[in-house]
Amino acid sequence: MKRLTGLLLGLCAFGCLMAAGAEDPRRVSTNTVKQTLNIDTAAVNGGYACFSNAASFLNLQPGRRRIDINGIVYWLNAAPTLLDWKLTEVDLDLISLVFHSSTNTVPRPLKVVIDAGHGGEDEGALGVMPCIAEKELNLTIAEQVCRALDTNYFNVVMTRTNDVTMSLSNRTAFAASQKADLFISIHGNYSRNRSAAGIETFVFCSLGFPGSEEGASVRPRSPGHQFDFLSTAAGYAVHRRMVAEATLLTQSNVGDRGLKRSNFFVLREAKCPAMLLEVGFLSNDVDGMWLTNTVYQATLAQAIANGVKDYACTLPHVEERMAAIQEREAAMRARWAAAAKAKKDAAAAKLAAAKPVETNIPEVVVAAVTVAQPIEAEESLEAVSDGLNEAEAAATSLTNQQAVALIVPPETNEVTVATNAVEQVTNVVTETQSNILDSFVVPLDVRPYLTNGVPRESGNQ
């Protein structure tokens, strides 16, 4: 797990670079999608795009976050662009974790915390037909998941084993105290719309993006962000198993509502990969009937256990992809830093090569203004330039003899004006050298390589 911890720390640091904010995320072309996912066949037209190889397939629709990965519904952080089908880079990275089936059959040993949602005074939702309290359903399924997980590979504990009230913070704190490798919170769903039905699985929002719910907002950095990759891999594995095995038992479409992202407290504050399962709608007559069926409950529990095992088997592949992504981002940061340093050094050299202020005022002004261009200070630059217009005009009009005369006490009004102009320029240059040059970030002509102040990978555009 030491290797995994190192990868998580590295990818947590790279989280800000992945998204650069939801308004303008870095995006990749369809060619990059094909290369990353080892796609053999691609069919793209105005209404859909399908990418596939011998083992897996991916279906996209323009402008929609809801996609299909190997027959399972998956929600993107951001919809593909309408004209050129570009995905965000973070979405492609996350898809690459779950697109390929693992050939590994030996699961990695994990400490798993199973959380039966609600309890005690908090009954949760109440089923309509038949009547059942969500807290009881959650505990029943959670207990069966614990029994279904192979103790040879999984050390399993529960947040509650009876009908007690437990706060959300105590649930995540318990998982942290157990040094859990995976946290699974089990719930029944409810909606005022009684036709709403199906299974959905939630993991925490990716950094810089809102949740899947309409109108969701972007969350600031939270503990759950650093486990985005692992939570996605685990959530997809469990969700895929629940949908497949529930469909097989019922011989009908149970309703795949997808792997989604949300700001639930237990996902946001978890100190390990985490997911929240909504196993069906207690408010729906058909879902409610199945959820009270003991065979169906056992099937769901076994499906969850099978999904945990699948995830544990895929961890070598997930770690390999995470390491490759971390290496790519480190190289990108190095290129960005080198470009920034080169620009800074060039500007500093230009300033150093300029003639003294007394004999070449315009050239020094230009050098000073060139240096004084941090990424987001265009307005400040304009203000400085406007303030120097009069000084530049006066200095430019001087003859060589008048420029030399500037170093001696002024005897005419014209020279007085010029001297004042020199003093203004000298002050600007001094301030530029001591304050702006030392705090230099990136000159403006690096902006084409950036998105919201973050380096853009031009090779993936």
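Q: What counts as buried, exposed or partly exposed here?
A: Buried is under 20% relative accessible area, exposed is over 50%, and partly exposed is in between, using a 1.4 Å probe and protein chains only.

Q: And what kind of model is it?
A: The model is predicted: local features need pLDDT of at least 70 and side-chain atom pairs count only at pLDDT 80 or more, while totals for chains, interfaces and linings use all residues. Residues are numbered from 1 along each chain as its sequence is written, and side-chain values use heavy atoms, with hydrogens and water left out.

Q: OK, salt bridges. How many turn up in the whole structure?
A: The search finds 18. The criterion is a side-chain nitrogen of Lys or Arg within 4 Å of a carboxyl oxygen of Asp or Glu.

Q: What does Asp 93 pair with?
A: Asp 93 has a salt bridge to Arg 328, with 2.8 Å between the closest N and O atoms. That pair joins distant parts of the chain, 235 residues apart: Asp 93 sits in helix H3 (residues 89–98) and Arg 328 in helix H9. Helices here are DSSP runs of H or I with at least four residues (strands are E, at least two), numbered from the N terminus.

Q: Is Asp 93 buried or exposed?
A: Asp 93 is buried at 2% relative accessible area, while Arg 328 is partly exposed at 23%.

Q: Which other residue does Arg 328 bridge to?
A: Glu 329, also at 2.8 Å, N to O. Glu 329 counts as buried because its relative accessibility is 0%.

Q: Which residues make up the network around that?
A: Salt bridges link Arg 26, Glu 89, Asp 93, Arg 321, Arg 328 and Glu 329 into a network.

Q: How buried is H3 as a whole?
A: Ten of its ten residues are buried, so H3 is largely enclosed by the rest of the structure. Among them are Glu 89, Asp 91, Asp 93 and Ser 96.

Q: Switching topic: which residues touch the most others in the largest nonpolar core?
A: Ile 95, Ile 184 and Ile 186, out of 74 residues in that core. H9 gives the most to this core, with 13 residues. A core means buried Ala, Val, Leu, Ile, Met, Phe, Trp, Tyr and Cys residues joined through side-chain atoms within 4.5 Å.

Q: What is Ile 184 in contact with?
A: Leaving aside neighbours within four places in sequence, the contacts of Ile 184 include Val 112, Ile 114, Met 275, Leu 277 and Ile 304. Contact means heavy atoms within 4.5 Å.

Q: How do H6 and H9 pack?
A: H6 (residues 228–250) and H9 (residues 294–353) meet at an angle of about 145°, and their axes are 6 Å apart. Axes are lines fitted to C-alpha atoms over the stretch in contact, with angles from 0 to 180 degrees between N-to-C directions.

Q: What residue types are in that contact?
A: It divides into 20 nonpolar, five polar and four charged residues. Ala, Val, Leu, Ile, Met, Phe, Trp, Tyr, Cys and Pro count as nonpolar, Asp, Glu, Lys and Arg as charged, and the others, Gly among them, as polar.

Q: Last one: what does Thr 299 touch?
A: Not counting residues up to four places away in sequence, Thr 299 touches Glu 245, Ala 246 and Leu 249. Thr 299 is in H9 and counts as buried at 16% relative accessibility.
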